[in-house]
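Visitor: Can you put the model up? I have some questions about it.

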Amino acid sequence: MKRVAILGSTGSIGVQALDVVGRFPDRFEVVGLAAGRNAPRLLEQIRRFRPRVVSVCDEAAARAVRAEAPPGTEVLSGEAGAVAVASHPDAAFVLAAISGGAGLRSTAAAIEAGKPVGLANKESMVLAGELLMARAAAKGVAILPVDSEHSAIHQSLVGHNRGEVRRLILTASGGPLRCTPAAELAAVTPERALKHPNWSMGDKITIDSATLMNKGLEVIEARWLFGVEQQRIDIVVHPESVVHSMVEYVDGSIVAQLGISDMRGPISYAMGHPERMPLDLPPLDLGRLGKLTFEPPDPARFPAYTLAYRALELGGTAPAVLSGADEAAVAAFLARRCSFTQIADVCADVLEAHVVEPVRSVEQALAASEHGRREAEKRVGALAHAPAGR
Ligand SMILES: NC(=O)c1ccc[n+]([C@@H]2O[C@H](COP(=O)([O-])OP(=O)(O)OC[C@H]3O[C@@H](n4cnc5c(N)ncnc54)[C@H](OP(=O)(O)O)[C@@H]3O)[C@@H](O)[C@H]2O)c1
């Protein structure tokens with residue numbers, strides 16, 4: 001029986017992780033859950049999985065949960081609450097699936113407490129990847145990727161010599177705007193950008209998929225997770241989202257992982273590791289699919305991913321600043337305060353104006369992300385544009 005804590009349990013990844021737990025009641029027991037403000041959903045989860053401890057992001061939500069939670073579940077709040085869930089002495093595995101920079105402290109706490117981490121919160125790696133990987137190595141902690149691309153790379157590396165890797169190839173669906181002409185992108189509405197063709201995900205990551213910033217953030221994540229410099233990490237657009245990513249070796253061989261577009265695959269791989277669990281999901285029918293297509297990404301229409309390479313080149317706090325700027329710019333786009341194309345413009349402007357420092361602590365990474373957010377907010381405030389979709 002593996003005792004697990006799930007951070008971000010009320011979100012898209014968290015709900016799917018609990019679906020996996022529910023399918024394997026003999027393998028998993030839920031010790032702790034951490035969520036933001038969705039008290040009704042958390043209460044349903046408490047009633048079903050009976051965790052010892054839960055946390056929500058503020059006291060108001062905690063009061064709502066305490067009022068209805070069954071006895072036996074301790075209800076905490078704030079970042080300290082999420083950290084307590086992440087480092088609970090009874091948890092043997094922590095799934096880190098809070099969205100955004102808000103997930104960094106609890107991911108770091110799980111590592112410091114010596115817990116193996118299933119990492120969905122890519123922002124942890126983007127903000128402080130080098131630092132977290134060093135701490136995980138010092139603590140002997142495994143970080144198992146949950147992002148489907150990184151899970152695919154993890155799976156494609158098994159049994160191979162890391163020294164023989166030539167490059168990592170991240171696949172990108174291309175998002176809902178892959179075929180949209182450049183001239184139409186500025187007028188894209190949030191509703192249109194949120195219609196992902198293959199994956200059902202939270203709003204922030206769905207918009208990041210549309211701009212391709214998500215792929216850029218994944219390049220940063222891969223840089224630290226697998227210790228491969230960005231010059232050896234490539235992106236290829238693959239609209240079918242069947243090949244989840246690939247590793248090319250020095251002899252030219254490419255090893256890939258394929259599967260249907262269902263996050264329960266990579267979630268169960270991380271949760272069950274080193275065992276594979278018999279998931280009862282529809283099989284991938286390649287004969288019916290017929291063909292798989294690939295194309296290079298288009299930096300002229302989707303420049304956001306190139307900013308991630310630039311941030312890695314700048315080093316230190318630059319990726320954290322980019323991540324914070326993107327969070328603010330995406331929120332502004334969703335609130336119709338900036339246009340789709342202005343997301344990348346704002347992020348580029350903030351990144352180039354930033355004076356880089358080395359990342360020495362989680363606090364410093366969070367401060368850099370906050371700085372990026374504030375700088376992006378300033379730029380959004382100064383924009384004169386006709387908001388899309390009104
Ligand atoms: N969805 C996917 O398929 C997918 C794929 C790969 C990677 N990821 C990554 O996984 C992470 C989660 O993505 P998602 O799509 O599941 O996001 P989501 O649906 O927006 O869920 C986010 C979760 O984080 C919680 N949360 C937000 N702010 C919090 C805070 N300050 N304190 C505690 N909890 C907080 C939310 O709680 P409430 O809802 O209760 O407010 C919710 O449980 C992201 O880093 C994303 O990039 C997601």
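Guide: A term before we start: contact means heavy atoms within 4.5 Å. The model is predicted, so local features need pLDDT of at least 70 and side-chain atom pairs pLDDT 80 or more, while totals for chains, interfaces and linings use all residues. Residues are numbered from 1 along each chain as its sequence is written, and side-chain values use heavy atoms, with hydrogens and water left out.

Visitor: Fine. What does α10 pack against?

Guide: The buried residues of α10 pack against α9 (190-193), α11 (213-225), α14 (304-314), α15 (318-334) and α16 (340-353). Helices here are DSSP runs of H or I with at least four residues, strands are runs of E with at least two, and both are numbered from the N terminus.

Visitor: Which residues of α10 are buried?

Guide: In α10, which spans residues 203-211, they are T206, I207, D208, S209, A210 and T211. Buried means under 20% relative accessible area, exposed means over 50%, and partly exposed is in between, using a 1.4 Å probe and protein chains only. Just past α10, L212 has a positive phi of about 75°.

Visitor: And how many residues of α5 are buried?

Guide: Seven of the nine residues of α5 (104-112) are buried, so this helix is largely enclosed by the rest of the structure. The buried ones are L104, S106, T107, A108, A109, A110 and I111. G114 follows α5 and has a positive phi, near 80°.

Visitor: Changing topic. What are the domains?

Guide: The domain assignment gives domain 1 (2-146) and domain 2 (150-381); such bounds come from an automatic or database assignment. Their centres, taken over C-alpha atoms, are 23 Å apart. Domain 1 puts 35 residues into the contact and domain 2 puts in 44.

Visitor: Where does the ligand lie?

Guide: Between the two domains, because domain 1 and domain 2 both give residues to the shell around it. The ligand is surrounded by 24 residues, and the closest are T10, G36, N38, E123 and D147.

Visitor: Which polar backbone atom is 3.0 Å from a ligand oxygen?

Guide: That one belongs to G202. A backbone N or O of I13 is 2.9 Å from a ligand oxygen, and one of A35 is 3.2 Å from a ligand nitrogen. The protein covers 81% of the 900 Å² of accessible area that the ligand has on its own; areas come from the Shrake-Rupley method with a 1.4 Å probe. The elements giving two or more residues to the shell are α1 (12-23) and α6 (122-139).

Visitor: Is S173 buried or exposed?

Guide: S173 is buried, at 12% relative accessibility. The residue sits in the loop between β8 (165-172) and α8 (182-185). A polar side-chain atom of S173 lies 2.9 Å from the backbone nitrogen of G175. Beyond four places in sequence, S173 contacts R178, H196, N198, V237, H238, P239 and S241.

Visitor: Last one. How exposed is E74?

Guide: E74 is partly exposed, with a relative accessible area of 48%. E74 belongs to strand β4 (74-77). Not counting residues up to four places away in sequence, E74 touches R52, V53 and V54. E74 and P145 are 29 Å apart in space, C-alpha to C-alpha, and 71 residues apart in sequence.

Terms used: A residue is near a molecule or strand if one of its heavy atoms lies within 4 Å of it. A polar contact is a pair of N or O atoms within 3.5 Å; within protein, one must be able to donate a hydrogen and the other to accept it, and residues adjacent in sequence count only if both atoms are side-chain atoms.
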